[in-house]
Amino acid sequence: MPAQMALGLLWLVLLAVIRPISMPDEGRYAGVARDMVVYSDWLVPRQNGMPFFHKPPMFYWLDAFAMSSWGVNLFTIRFASLTAAALTLVMFFVHLRHSVGSQHPLLRQSLVVWLLAPLPVMAAQYANLDMTVAGMITATIVCWAHASTPVPGSHWPLTWARLGWFFAALGLLSKGLIGVALPLLVVGPWGLWRVWRALPDRASRNVWPAWRAQLAIWLNWPALVGFAVLTLPWFLVLEWRFPGFNHYFFIDQQVSRYVGQNFNNAQPALFYIVVLILLMLPWSLWWLLAAARRVWPRLAQWGADAPDTRATGDASAAVPREWLALWLWWLVAITLFFSVPNSKLVGYILPVMLPVVVLTACILRSWPDGALKRRVAGTAFALIVLLPWIFVGVDHKSLRDLPQAINARIAAHPAEAQIPLVFFEENRRDLNLLTHTRVRPWIVHDWREEANTADNWAKELLDGRRFDPAMAAQVLVMPQDLRQRLCAVPLAWLVVDEKEVSAPFANLARQYPNQLQALARESRRGSDWVLYQWKSQPGC
């Protein structure tokens with residue numbers, strides 16, 4: 001089984017290094033990590049120089065570590081997501097070995113479903129924070145669930161609980177409060193139910209002593225102290241350096257985004273049901289067929305009170321009902337949690353991957369039609385084989401020729417790494433990420449607060465201005481200030497879409513045609529991007 005997992009990880013790495021960068025997400029998050037390395041500032045996440053406090057730093061730290069070791073490339077850009085996917089697979093193996101035993105076929109079948117399902121495969125090689133926090137949440141739930149396993153006289157429950165708090169700390173540093181809240185939501189009710197179910201006399205109302213003993217394991221003080229030591233320093237230092245940071249991070253970006261109605265990506269309440277059905281194809285067909293062919297009752301019978309398969313080694317034995325209950329509650333609780341807010345993104349649902357995959361494998365084991373199973377498995381394999389080539393063939397909005405042209409000039413003339421890039425009405429994150437420039441880009445835009453109320457890229461940068469106005473004065477350029485800023489530098493590189501020429505550039509080209517020289521051109525997705533060199537002249 002470890003060998004199969006290693007092959008699975010190699011498969012994910014292969015997918016990660018052949019697909020072009022997808023904009024805007026991969027450019028945004030990997031760009032923050034790249035700037036940590038380039039400007040030697042690993043404490044403060046910055047997007048184009050502006051403090052970017054929407055998310056905590058764990059993803060950026062992992063990517064920045066990889067970039068500082070192996071440079072900026074497709075592997076290091078997706079290093080954090082691949083690492084989280086590897087952690088998820090390890091915890092998946094650990095959990096099933098703990099719950100059903102290492103010889104149970106459910107373990108192997110679940111691994112096949114995981115590696116041949118579009119949703120987890122795509123998430124593992126997509127550079128954003130969703131896979132990272134999903135890996136930490138999965139690890140936390142698994143550890144805390146194992147800490148509720150009664151083992152008289154054993155130190156293992158305490159060890160599992162402390163390891164769970166370690167991953168909960170990493171989850172908080174990955175995406176905030178959900179890194180702790182979701183594991184508590186899943187394991188808390190299930191663990192207390194399991195304690196009650198294990199009582200010799202379930203009719204007795206005196207369940208509190210048993211619950212108190214379980215809570216003492218989960219909430220042991222060394223684990224809580226370790227959690228605080230891992231998480232508090234970053235939040236306290238950021239609050240000290242940027243007063244108001246914690247309110248902005250926890251209230252504006254966490255609580256308000258969950259309960260608010262004015263953020264982007266509004267979706268209906270059943271959005272994640274549709275997402276799971278579509279992105280778990282063809283395996284999700286079995287969920288529907290199971291209802292039609294009455295496999296669910298067979299599954300419930302299969303999960304009846306059963307002997308411990310870990311001790312018996314019986315590969316045909318049923319999975320204990322307590323673990324089926326955990327997987328079902330895990331799936332339902334997190335899906336409901338993310339279905340409540342108005343704003344929804346596909347990646348939010350990734351923390352349910354382990355129960356979705358294992359429950360799918362349970363249905364497969366209960367399915368009587370072997371020929372149908374083989375046909376669907378073949379379809380899944382064909383789909384996953386085709387996915388990489390589909391990804392490569394699809395235009396992901398990222399520029400390729402212009403970064404290469406800039407890097408070629410810097411390789412020939414290293415001093416040109418200090419030439420600023422200038423963007424108009426758009427933050428070209430891919431150019432900042434993929435070029436070897438060593439100075440913050442300028443973005444020409446109307447930066448008045450009243451002109452930027454939408455939840456978009458400009459609002460992200462404006463939010464950072466309240467924490468670092470000095471940096472904002474360097475990189476956020478008002479249209480009327482552009483000429484003065486350009487005349488103050490000997491050279492600048494201007495990136496312009498000639499299909500939608502902005503008014504500031506049009507005015508500049510009309511007034512100073514002799515100071516602009518086209519260096520490179522790239523057409524992409526209906527746009528015609530041109531790299532111009534600005535050269536200041538006396539009297540500018």
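Tutor: Happy to! Keep in mind that this is a predicted model. Let's begin with Pro-24, which sits in the loop between α1 (2–16) and α2 (25–38). The peptide bond joining Met-23 to Pro-24 is cis, with omega about 5°.

Next comes the loop between α2 and β1 (46–47), where you will find Ser-40. Ser-40 is not a glycine, yet its phi is positive, about 55°. Asn-48, in the loop between β1 and β2 (50–51), is another non-glycine residue with a positive phi, near 55°. For Asn-48 the value is 4%, under the 20% cut-off, so Asn-48 counts as buried.

Now for the helix pair. The axes of α9 (residues 156–175) and α12 (residues 221–241) come within 8 Å and cross at roughly 15°. Because that angle is under 35 degrees, α9 is roughly parallel to α12. The crossing of α9 past α12 is right-handed. On the α9 side, the contact is made by Arg-162, Trp-165, Phe-166, Ala-168, Ala-169, Leu-172 and Leu-173. From α12 come Pro-222, Ala-223, Leu-224, Phe-227, Leu-230, Thr-231, Trp-234 and Phe-235. By residue class, this contact between α9 and α12 holds 13 nonpolar residues, one polar and one charged.

Conventions
Residues numbered from 1 in each chain as written. Predicted model: local features only at pLDDT ≥ 70, side-chain atom pairs only at ≥ 80, totals over all residues. Heavy atoms only, no water. Helix = DSSP H or I, 4+ residues; strand = E, 2+ residues; numbered from the N terminus. Buried < 20%, exposed > 50% of the residue type's maximum accessible area, 1.4 Å probe, protein only. Axes fitted to C-alpha atoms, helices over the stretch in contact; angles between N-to-C directions. Parallel < 35°, antiparallel > 145°, perpendicular 65-115°, else oblique. Left-handed = near helix turned anticlockwise from the far one by under 90°. Contact = heavy atoms within 4.5 Å. Nonpolar A, V, L, I, M, F, W, Y, C, P; charged D, E, K, R; others polar.
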